[in-house]
Amino acid sequence: MPTLSKLYTMQEAAHHNTKDDCWIVVHNKVYDVTSYLDDHPGGDDVVLAATAKDATDEFEDAGHSKDARELLESFCIGELDTSSPLIPELEISSKRQPSDFALKLKNLTKQYWAAPVAVVGISVMVGFLCLRKK
């Protein structure tokens, strides 16, 4: 008989990203590893860096042992709700239009590219000539 598991969105899991409240997502399961941070052989920084995203690749790349995988299962608190977007803010921010300042800056860099290139070119030539004299 299948067991019911609590579903969490990636956004919910991402809010738990501190040493006092640390959740990670590995293979679409959500784990509360807060109590294990001090015992993690790689240090708590490694685990904290894997929060707020799918940490499956990092977990697999580290080459965890069978014992480590069994220990991880003991921290499982639910599953990732894959039907919702991973992080909705990313969708919103990708639709944003560039600000007026950004557009002006972009136009300025297109318009005045020759000055910095000339300065660099002259500097290289002076350096080459100085080295050649020695």
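I24 stands opposite Y31 in strand β4, and V26 stands opposite K29 in that strand, where strands are DSSP runs of E of at least two residues and helices are DSSP runs of H or I of at least four residues, numbered from the N terminus. These pairs belong to the antiparallel arrangement of β3 and β4 (residues 29-32), which four bridges join; two strands are said to pair if DSSP finds at least two bridges between them. β3 and β4 form a hairpin with two residues between them, and H27 in the turn has a positive phi of about 50°. This is a predicted model, in which local features need pLDDT of at least 70 and side-chain atom pairs count only at pLDDT 80 or more, whereas totals for chains, interfaces and linings use all residues. Residues are numbered from 1 along each chain as its sequence is written, and side-chain values use heavy atoms, with hydrogens and water left out.

Why is strand β3 largely enclosed by the rest of the structure? Five of the six residues of β3 (residues 21-26) are buried, so the rest of the structure largely encloses the strand; buried means under 20% relative accessible area, exposed over 50%, and partly exposed in between, with a 1.4 Å probe and protein chains only. C22 has 0% relative accessibility and therefore counts as buried, while C130, with a relative accessible area of 44%, is partly exposed. A search of the whole structure finds zero disulfides, a disulfide being a pair of cysteine sulfur atoms within 2.5 Å.

The largest nonpolar core has 13 residues, of which I24, V26, Y31, V33, V47 and L72 touch the most other members. The largest share of this core, three residues, comes from β3. Apart from this core lies another, of seven residues, among them M10, A13, W23 and L80. A nonpolar core is here a set of buried Ala, Val, Leu, Ile, Met, Phe, Trp, Tyr and Cys residues joined through side-chain atoms within 4.5 Å. Not counting residues up to four places away in sequence, I24 touches K29, V30, Y31, V33, V47, A50, T51 and L72, where contact means heavy atoms within 4.5 Å.

For the protein as a whole, there are seven helices and five strands, and from the N terminus on the elements run β-α-β-β-β-α-α-α-β-α-α-α. Of the 134 residues, 20% count as buried, and among contacts between residues at least 6 apart in sequence, 69% join residues at least 24 apart. The accessible surface comes to about 10200 Å², of which 60% belongs to carbon and sulfur atoms; these areas come from the Shrake-Rupley method with a 1.4 Å probe, and for residues only the protein chains shown count as cover.

Finally, an unreviewed UniProt entry lists residues 112-131 as "transmembrane region", in the numbering used here, with feature names shortened and with annotations that may be inferred rather than shown by experiment. In the model, the end C-alpha atoms of residues 112-131 lie 30 Å apart, and the span is 90% helix and 0% strand.
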